[in-house]
Amino acid sequence: MNQVSIAAIYLAAGESRRMGTDKRALPWGESTLGAAVLKAALRSRLAPVIVVIPPDDALAWLPVELRNHEKCRFVRCAVHHRGQAHSLACGLQEALAAGADAAAVLLADQPFVTSEMIDVLADLYRRHRPDYVAFARFGTPMPPVIFGKQMFPSLLSLKGDAGGRSLFRDPHWCGLLYEGDETAGIDIDTKDDYKRAVMDREEKEGRHRGRR
């Protein structure tokens, strides 16, 4: 069971159009927004961690220690501007080349995702071997999600901004949902989203300090 190889695909090639600036470089705690989920992926039991970025990305948003991390594989996706489906395809092709049996799709704008949560999803996948295991909020599946290799051809056929969630409605696929901390599913697209997320993070940190 534990021999199932699960790669992580970290999608960090978006153009941040709604934010108006590179949201990956926004401050988040002592680092950047873009580094938050990548750190979680690197602390998890998944490997390799495939980081999909634009071809001209200088990685200024990423701390040096993460750029040189032994688990990271950077994939420069020349067609990232065509939509998320094409960035995902770049990552899946690298996962296939690495011999992965499944791939966990992680988004750069979901900073509340933790390594513990990633490992819970991975354990569920390894234990039950469904077509996919997805985080869910109020019964709605969303990233992070682990897709089995049998779903890769369907994922590779997607176009534009269509993400893997479009396949959740297909009765051909059978998945498991994990209802965790609802803040983990928050993604940050706009300046207002970012402001609310910073407030949520500060509130969570305040509660944590109060329990010490």
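This is a predicted model: local features need pLDDT of at least 70, side-chain atom pairs count only at pLDDT 80 or more; totals for chains, interfaces and linings use all residues.
Q: Let's begin with one residue. Where does Asp 131 lie?
A: Asp 131 sits in the loop that runs between helix 4 (115-128) and strand 7 (132-137).

Q: Is Asp 131 buried or exposed, and how far away is the nearest side chain of opposite charge?
A: A salt bridge needs a side-chain nitrogen of Lys or Arg within 4 Å of a carboxyl oxygen of Asp or Glu. Asp 131 is buried but has no salt bridge. Arg 129 is the nearest side chain of opposite charge, and it is 9.2 Å away.

Q: Which side chain has a polar contact with the side chain of Asp 131?
A: That is Gln 150, and the polar contact between the two side chains is 2.9 Å.

Q: Which other residues does Asp 131 touch?
A: Leaving out residues up to four places away in sequence, Asp 131 touches several residues, including Tyr 125, Ile 146, Phe 147, His 172, Trp 173 and Cys 174.

Q: Now a helix. How many residues of helix 1 are buried?
A: An α-helix has 3.6 residues a turn, so residues three or four places apart point the same way. Helix 1 (residues 33-43) is mostly covered, with nine of its eleven residues buried. Among them are Leu 33, Val 37, Ala 40 and Ala 41.

Q: And the largest pocket: how many residues line it, and which lie nearest its centre?
A: The largest pocket holds about 910 Å³ of space. Its lining has 35 residues, and Gly 14, Gln 84, Asp 109, Asp 161 and Asp 189 lie nearest the centre.

Q: Which element gives the most to that lining?
A: Strand 8 does, with four residues. Helix 3 (84-97), strand 6 (102-107) and strand 8 (140-148) each supply at least two.

Terms used: Residues are numbered from 1 along each chain as its sequence is written. Side-chain values use heavy atoms; hydrogens and water are left out. Buried means under 20% relative accessible area, exposed over 50%, partly exposed in between (1.4 Å probe, protein chains only). Lys and Arg count as positive and Asp and Glu as negative; His and the chain ends are not counted. A polar contact is a pair of N or O atoms within 3.5 Å; within protein, one must be able to donate a hydrogen and the other to accept it, and residues adjacent in sequence count only if both atoms are side-chain atoms. Contact means heavy atoms within 4.5 Å. On a 1 Å grid over the protein atoms alone, a cavity is a set of points where a 1.4 Å probe fits but cannot get out, and a pocket is an open set with protein on both sides within 12 Å along at least five of seven lines; lining residues have an atom within 4 Å of a point. Grid points are joined across faces, edges and corners, and a volume is the space filled by probe spheres set on the points.
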